[in-house]
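Work through the exercises below with the model open. Try each task before reading its solution.

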Amino acid sequence: MRGRLRPLPLVVALVLLAATLLAGLVVGAAGLPVSGILAALADKVPFVHVDSGFSVVDENVLFQLRVPRVLMAALVGGMLSMAGAGYQGVFRNPLADPYLLGAAAGAGVGATLVIVVVPGDPGYGVPLAAFAGALLGVAMAYALGSAAGRGNRAATLVLAGVAVSSFLSAVQTFMQQVKAEELQRIYSWILGGVGSADWHQLALVAPYSLVSTVVLLAHGRLLDVLSVGDEEAASLGLSAARVRLTVLLAASLATATAVAVSGLIGFVGIVVPHAVRRLAGGSYRVVLPLSLLGGAAFLELADLVARTVIAPGELPLGVVTAFVGGPFFVAVLRASRRQVET
């Protein structure tokens, strides 16, 4: 494994992210020129005054609709991708996903509960309930996995996550049937999207995103040590259990943060980290930061496709990522099988 992040992959990832962000600002029903967008953004820099030529309506479209949307897509993609890399490091499994430990199912239960119980538009109740539900799902899976015994802790946690997810999915289905008239709102949230993003939501989730990002990036070297096995890590003075728990909590916090504001968007945590490993090496000191940037660019590009492929309509973002992630998952599964056979 290459142990250090080289400048070239980092520059390529940053350029790709900048290009997708700019494309997200340009594409839309209101035709805003690139030069005007760049000038309007530059005008927001302190002590810089540039005339963009935009009207008040154009300014509102740019800064109240498009900028929050592209920032939210980047944040959600980065969190899901980095969480996926963290889970894969903990379980030493390239097929591990951010929704592995019941986070998605818990978020679905929380969001569905608010939609069913609170009449009318619950405002920010849905993301808050989804956030709490995601953390509750992970806590249940970890408690069940810990109570099941020591043995193979990674495998036990995976099985506990599957069990908790099945239970919570059944609870969500029951609530949907109780309030069948809200099925459209429930399913629109489940399929995912960032079209309703605003500055308040960004401010709400930014602190949690920052904490999870710092913790995961700080554990890159420890995940490299953990990848050689728990016994070898212990011989080097590393507490594998403590590292695993810390990374699980940080990755689950990142997942819960993303799910709370975007709904359920699958496969990002598998596609991007695996692509990064193929292109830049397997060290988590490389995989984690590049997954953060690559995931942001990937979901930004997926959001562009969702907005344009059936314009003026819009595809759910989870549908776009599933079209890409489904075949990719099969390819990763076949590659993993060949490695086992050889």
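**Exercise 1.** Is phenylalanine 47 buried or exposed?

*Solution.* The model is predicted. Start with the location: phenylalanine 47 sits in the loop between helix H2 (34-43) and H3. Next, take its relative accessible area, which is 83%. The cut-off for exposed is over 50%. Phenylalanine 47 is therefore exposed. Finally, check the backbone: phi of phenylalanine 47 is near 70 degrees, a positive value in a residue other than glycine.

**Exercise 2.** Classify phenylalanine 267 by its relative accessible area, and describe its backbone.

*Solution.* Phenylalanine 267 is in the loop between helix H11 (240-262) and helix H12 (268-280). Its phi is positive, about 75 degrees, although the residue is not a glycine. The relative accessible area of phenylalanine 267 is 28%. Buried needs under 20%, and exposed needs over 50%. Phenylalanine 267 is therefore partly exposed.

**Exercise 3.** Determine how helices H3 and H13 are oriented to each other.

*Solution.* Take H3 as residues 56-91 and H13 as residues 284-308. Their axes come within 7 Å and cross at roughly 140 degrees. Roughly antiparallel would need an angle over 145. H3 and H13 are therefore oblique to each other. The crossing is right-handed. The residues of this contact divide into 13 nonpolar, 8 polar and 4 charged.

**Exercise 4.** Compare the UniProt record with the model over residues 156-175 and 284-305.

*Solution.* The unreviewed UniProt entry annotates "transmembrane region" over several stretches, including 156-175 and 284-305. Over residues 156-175 the model is 100% helix and 0% strand, with end C-alpha atoms 29 Å apart. Residues 284-305 are also 100% helix and 0% strand, and here the end C-alpha atoms are 30 Å apart.

**Exercise 5.** Which residues have the most contacts inside the largest nonpolar core?

*Solution.* The largest nonpolar core has 86 residues. Val76, Phe91, Leu101, Trp189 and Ile265 have the most contacts inside it. A second, separate core has 10 residues, among them Leu25, Leu32, Ala40 and Val70.

**Exercise 6.** What is the peptide bond from alanine 311 to proline 312?

*Solution.* Omega is near 5 degrees, and the bond is cis. Proline 312 lies in the loop between H13 and helix H14 (317-341).

How values were computed. Residues are numbered from 1 along each chain as its sequence is written. This is a predicted model: local features need pLDDT of at least 70, side-chain atom pairs count only at pLDDT 80 or more; totals for chains, interfaces and linings use all residues. Side-chain values use heavy atoms; hydrogens and water are left out. Axes are lines fitted to C-alpha atoms, for helices over the stretch in contact, and angles run from 0 to 180 degrees between N-to-C directions. Helices (H or I, at least four residues) and strands (E, at least two) are DSSP runs, numbered from the N terminus. Angles under 35 degrees count as roughly parallel, over 145 as roughly antiparallel, 65 to 115 as roughly perpendicular and the rest as oblique. A crossing is left-handed if the near helix is turned anticlockwise from the far one by less than a right angle, and right-handed if clockwise. Ala, Val, Leu, Ile, Met, Phe, Trp, Tyr, Cys and Pro count as nonpolar, Asp, Glu, Lys and Arg as charged, and the others, Gly among them, as polar. A nonpolar core is a set of buried Ala, Val, Leu, Ile, Met, Phe, Trp, Tyr and Cys residues joined through side-chain atoms within 4.5 Å. Buried means under 20% relative accessible area, exposed over 50%, partly exposed in between (1.4 Å probe, protein chains only). UniProt positions are given in the numbering used here, feature names are shortened, and annotations may be inferred rather than shown by experiment.
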